[in-house]
Amino acid sequence: MKKKNISILGITFIKISDGDFYHAELGIGSGRAFRLSASNVTSENKWIFFIGKMRFKILPPTLRDIRYNVRQFFKKLSPMPVYYHYTSRDCDEFEVNDVMKFKNYRAYLAHREEEYQWLEGPIYYSPCSKEEYESYERNTRDHRAEYYNY
C-alpha cells in the first residue's frame, strides 16, 4: 500500500493506492472545513463531499457524460455556421415553421436565450443541414382564424 501526502497553499491531497484500488482525499482550509473523497475501495464507486460536518454523496460522471460535455465545449468554440429548424406557436394559435442560420453555435444559444424571454407559447428547435436550410420554404398557419373562418 502506497500513501502520498501533498500539501500546497493549505490544500492537502492524500492518495492511498493498493493495486487496482485507490482512495484519494482533498482537504481545504484549517481543520479541513471542505473535504472531497473519491474511492473505489468498497464495491461502490462514489465521490463524497464534506462541508464542515455535512456529507454529500454523488456518483462520478460516466464516460457518456464526459463525451457529451466535451462535445458541447467544442461546439461552443466552433466558428462554423449552424442551421436550425424551428416551430413556434403563440397564444393566439398562430404557428410558424421556418429555418434559421446562425454564424456559430454561441450565436444560436444567445438567440435562443433571448427568444425564451419573449415567448407566448411553445417553440421547438432542431438542427438541420445546409441543404435543408437552402431549400426550405417558410410556412405559417393561423389556427384561430381557420376555426372562425376568417
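Biologist: How many disulfides does a search of the whole structure find?

Modeller: A disulfide is a pair of cysteine sulfur atoms within 2.5 Å, and the search comes up with 0. Bear in mind that this is a predicted model, where local features need pLDDT of at least 70 and side-chain atom pairs count only at pLDDT 80 or more, while totals for chains, interfaces and linings use all residues. Residues are numbered from 1 along each chain as its sequence is written, and side-chain values use heavy atoms, with hydrogens and water left out.

Biologist: Is Cys128 buried or exposed?

Modeller: Buried means under 20% relative accessible area, exposed over 50%, and partly exposed in between (1.4 Å probe, protein chains only). Cys128 counts as buried because its relative accessibility is 15%. Cys91 sits at 46%, so that one is partly exposed.

Biologist: Which residues make up the largest nonpolar core?

Modeller: Think of a nonpolar core as a set of buried Ala, Val, Leu, Ile, Met, Phe, Trp, Tyr and Cys residues joined through side-chain atoms within 4.5 Å. Here the largest has 9 residues: Val82, Tyr84, Tyr86, Val96, Phe102, Tyr105, Tyr108, Ile123 and Tyr125. Two or more residues each come from strand 7 (82-89), strand 8 (94-102), helix 2 (105-117) and strand 9 (123-127). Those elements are DSSP runs numbered from the N terminus: helices are H or I, at least four residues, and strands are E, at least two. Strand 7 gives the largest share, 3 residues.

Biologist: What does Tyr84 touch?

Modeller: Contact means heavy atoms within 4.5 Å. Not counting residues up to four places away in sequence, Tyr84 touches several residues, including Phe102, Tyr105, Tyr108, Tyr125 and Cys128.

Biologist: Where does Asn104 lie?

Modeller: Look in the loop between strand 8 and helix 2. Asn104 counts as buried because its relative accessible area is 7%. A polar atom of its side chain lies 3.2 Å from the backbone nitrogen of Arg106. Leaving aside neighbours within four places in sequence, Asn104 is in contact with Ser78, Pro79, Met80, Pro81 and Val82.

Biologist: And what about Glu93, where is that found?

Modeller: Glu93 is in the loop between strand 7 and strand 8. Although not a glycine, Glu93 has a positive phi of about 65°. With a relative accessible area of 26%, Glu93 is partly exposed.

Notes
Polar contact = N/O pair within 3.5 Å; in protein donor to acceptor, adjacent residues only side chain to side chain.
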